[in-house]
Amino acid sequence: MRTGEPAAAPSRARRSPITQQQPAPADAPPGNQPKEADELRAILRRPEYRRALVFSGLIGIPVSLVAFFFLAGLHELEHLIWTSWPHHLGHRNPPWWWPLPMAAVAGLGTSLVVLRFPGRGGHIPAAGLHSGGATKAALPGVVLAAACCLPFGVVLGPEAPLIALGTGLALLFRDLARAPATQASTTLLGAAGAAAGIAAIFGNALVAAVLLMEVAGVGGPQLFAVMLPALLSSGVGGIVFTGFGHWTGLKTGSLEIGLPAPPLLDTGDVVWSVLMAVVIGTVIHYVMTAGRHIAVLVAAHTLRTTLVCALAVGGCAAAYAGITGRSPTDVALSGEATLSQLAADPHSWPVSALVAVLAFKSAAYAISLGSLRGGPVFPSLFLGAAAGVLLAPLPGLGVIPGMAAGMAASTAAALRLPVSTVVLVALLLGHTGSLPVVILAAVTAFVTTELLPEGPSIPPFPPRRGQHP
């Protein structure tokens, strides 16, 4: 399947923590145990695998450079549109109506790319992140769709275009080097290119590797069946060693390197993080479901519906700015920059502004997921952080644990990738003091969303003129 063809909804069976395959009994004869170590050694001894491993390392250099300049170009264009041009017109911040013409550009440009370019500009964000299916032919459409959407106020991030860009570039470089084009090399090099591309946005190779492993479904349902209890147990166990309030917990040897101590957790932080995760996970699940319903409408009438949806996204940002008097960029764009501002000074946001930004950005996020192009990560992070700040006045809940639990719950519900969520939020926090509530929130939100009914499957677009279905 090409990256531009919308994928069906991820199978509940693949995501479910319950699987029919049972592990071998502990007392089973040694001959019946899987020989994973022998299989791994056999793979490493294959000359073609070692060549692919070396080639993957070499591919990482040009893919990372292209991804860096791709992101730099998007950021420069975003700064030009939302900062430089309003300043040149005498505005300190973009006026309330500014998102509307920008949204028209995004809607028209995206619909033309979807209708005219191979690959349809990338997969529909409401279908979740995908690691496979990208082709060389889809690269121009992916780049153009991202350039039409992300800098012009669409509430999506660059991670999905970077995955498609990295995969397509890796396959392009393989063909330029005239390396064998086998199914195994396509899978291996495509994953390597996607990881190199996604590492550019997160600035961390570990996040990229973990994210790609979960996105690719390595291990299938059995992995989730094992990892969820392990995550939950580690989160609860972490509280014992981190401690509640002034009780510092049990001390053992650790890998601490002398960083400043993070805020101490207490009972309120832990209890509220679990309750928050249920509510936030449910809300984000239905935001994603609304995106799927919108994708169904877009597939039926692409040009008209995409343009209307883009204008609706701009209308959400304009309405927010008109009601609150704040910048429309709080709602528009991915939320990456606004998240940093919120974390730096959460008390500068009044309750009314937090409520408004959650309502309008959630609506714009759902519309963008079903009709435009980009990734779901950064808007979900911002929505979770804003919810955490809004709920921080609850008895016993601190601002930092509230933001940490909110980001974990929202991102786990949007991505359905609990391990990647924990790693990503821990990276953003810069410390491990809030890691127990991050784990508890991520697991709780993930289980909550898995138990809720799925939205509709995303139908394929009709074939372009002159193209067979």
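Predicted model: local features only at pLDDT ≥ 70, side-chain atom pairs only at ≥ 80, totals over all residues.
Helix α3 passes helix α5 in a right-handed crossing.

**Where α3 meets α5**

- Helix α3 covers residues 47-88 and helix α5 covers residues 139-149; their axes come within 10 Å and cross at roughly 25°.
- Angles under 35 degrees count as roughly parallel, so that's the label α3 and α5 get.
- On the α3 side, the residues to look for are Phe70, Leu74 and Leu77, and they meet Val143, Ala146 and Ala147 of α5.
- Sort this contact by class and you get six nonpolar residues, with no polar and no charged ones.

**Rings that pair up**

- To describe a pair of aromatic rings, you give the distance of the centres and the angle of the planes.
- The count here comes to four aromatic pairs; let's visit two of them, starting with Trp97 and Trp98.
- The ring centres of Trp97 and Trp98 sit 5.6 Å apart with the planes at 45°, so this pair is called tilted.
- Are these two tryptophans buried or exposed? Trp97 is partly exposed, at 36% relative accessible area, whereas Trp98 is buried, at 5%.
- Now hop over to Phe202 and Phe378: their ring centres are 6.0 Å apart and their planes are at 35°, so this pair is tilted too.
- Which parts of the chain does the Phe202 and Phe378 pair link? Phe202 belongs to helix α7 (residues 183-202) and Phe378 to helix α14 (residues 377-391), so you're looking at distant parts of the chain, 176 residues apart.

**Two arginines with a positive phi**

- Arg120 isn't a glycine, yet its phi is positive, at about 60°.
- You'll find Arg120 in the loop between α4 (99-116) and α5, which is the α5 that α3 passes in that right-handed crossing.
- With a relative accessibility of 2%, Arg120 counts as buried.
- Arg416 is another residue other than glycine with a positive phi, this time near 60°.
- Look for Arg416 in the loop between α15 (399-415) and α16 (418-429).
- Arg416 is buried as well, with a relative accessible area of 12%.

Terms used: Residues numbered from 1 in each chain as written. Heavy atoms only, no water. Axes fitted to C-alpha atoms, helices over the stretch in contact; angles between N-to-C directions. Helix = DSSP H or I, 4+ residues; strand = E, 2+ residues; numbered from the N terminus. Parallel < 35°, antiparallel > 145°, perpendicular 65-115°, else oblique. Left-handed = near helix turned anticlockwise from the far one by under 90°. Contact = heavy atoms within 4.5 Å. Nonpolar A, V, L, I, M, F, W, Y, C, P; charged D, E, K, R; others polar. Phe/Tyr/Trp six-rings, centres within 6.5 Å; stacked < 30°, edge-to-face > 60°. Buried < 20%, exposed > 50% of the residue type's maximum accessible area, 1.4 Å probe, protein only.
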